[in-house]
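Hi,

Here is the structure I said I would pass on.

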Amino acid sequence: MNNTLLHWLLAAFAPIVWGSTYFVTQKWLPGADPVWVAAVRVGIPAVFMVWLVPLRVWREFGVRLLMMSALNITLFTSLLFYSISTLPGGVAATLVSTLPLQVIVLRFLMGKGAEPAHVIAALGGVAGVGMLLWRADAPLDVSGVTAALAAAFVMASGILLASQYSADIQPLQLTAAQISLGGVCLFVLAILSGHPFPEVTDEGVFAMLWMGPVGMGVAYWSWFRAMRSVPVHKLAFLGLLNPVVAVFGGVLLMEEVLSGGQVVAMVIILACILCAQLAGRRQAGTKSAA
């Protein structure tokens, strides 16, 4: 298989798996405490992955790993599950879909220019996700809205940090270290919260196994592995696949009906993702020809 195609498949795999988080949580973990769900989701793969990180990596890159883990794992996961538990419908996913736009803004503040096509694609992606998922018939919880936007912000900050300061760390070690640190932090937060450990059904156990080892371990490894070859501002756009998968999962597993407007919204989202991936290539091709 062509290496370039493999990198893009790895990049797309993570948001596709993460998209299942919404309907898996709502179907098999309804009412579960979001703090404990986040802790268990990260803690399960952390138990197995901590052994993959050599002591040398901890000694040389411990501070970097702690910062990246705090952003990509601890804060993002906590804020995401809190927003899912407090906001109706797909509002949380719509707000988190501002990730590409926030990456563009942060890169601009860092002195890196933004292509107009990427800005348009980011705005179009948010609009498409809103058309796809927004079902807010009740007043929105301000704390939930803030948490969802903050989740996108910390993830944007985390992937930019990882893209700059993780070149000396192997992707598997980078993933294992972040998940291990995140698992410890989230369990401490869950215990300090004073909330009792939620009762989980048999289906809930399988849901946690899916969201933990696969959704955290494998998906995050593919994300950081793809980051070695896929530009970070383009990688962020693939996160828009997340809500598309969430809707398809609802149709397949929760007997939801897909409307014509949602089909149009999916086309808009996929067009924005494609536009973002091709924008830089066209510009590079023009410069080469010149």
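Predicted model: local features only at pLDDT ≥ 70, side-chain atom pairs only at ≥ 80, totals over all residues.

Cysteines first. The disulfide count comes to 0. For C272, the nearest cysteine sulfur belongs to C275, 6.9 Å away. A disulfide needs the two sulfurs within 2.5 Å, so at 6.9 Å the sulfur of C275 is too far from that of C272 for a bond.

Next, helix α1. This one covers residues 3-18, 16 residues in total, and spans 23 Å from first C-alpha to last, close to the 22 Å expected at 1.5 Å a residue. Its buried residues are H7, L10, A11, A12, A14, P15, V17 and W18. And what covers them? Among the elements doing so are α2 (20-28), α3 (34-49), α8 (142-165), α10 (202-226), α11 (232-235) and α12 (241-253).

Then there's the space inside. The structure has 1 cavity of 30 Å³ or more, and the largest cavity holds about 250 Å³. Its lining is made up of 19 residues, with W18, F76, V96, G239 and N242 closest to the centre. Two or more lining residues come from each of α1, α2, α4 (55-86), α5 (91-96), α6 (99-109), α10 and α12. By type, the lining splits into 14 nonpolar residues, 4 polar and 1 charged.

Cheers

Key. Residues numbered from 1 in each chain as written. Heavy atoms only, no water. Helix = DSSP H or I, 4+ residues; strand = E, 2+ residues; numbered from the N terminus. Expected span 1.5 Å × (residues − 1). Buried < 20%, exposed > 50% of the residue type's maximum accessible area, 1.4 Å probe, protein only. Contact = heavy atoms within 4.5 Å. 1 Å grid on protein atoms, 1.4 Å probe; cavity = no way out; pocket = protein on both sides within 12 Å on 5 of 7 lines; lining within 4 Å. Points joined across faces, edges and corners; volume = space filled by probe spheres on them. Nonpolar A, V, L, I, M, F, W, Y, C, P; charged D, E, K, R; others polar.
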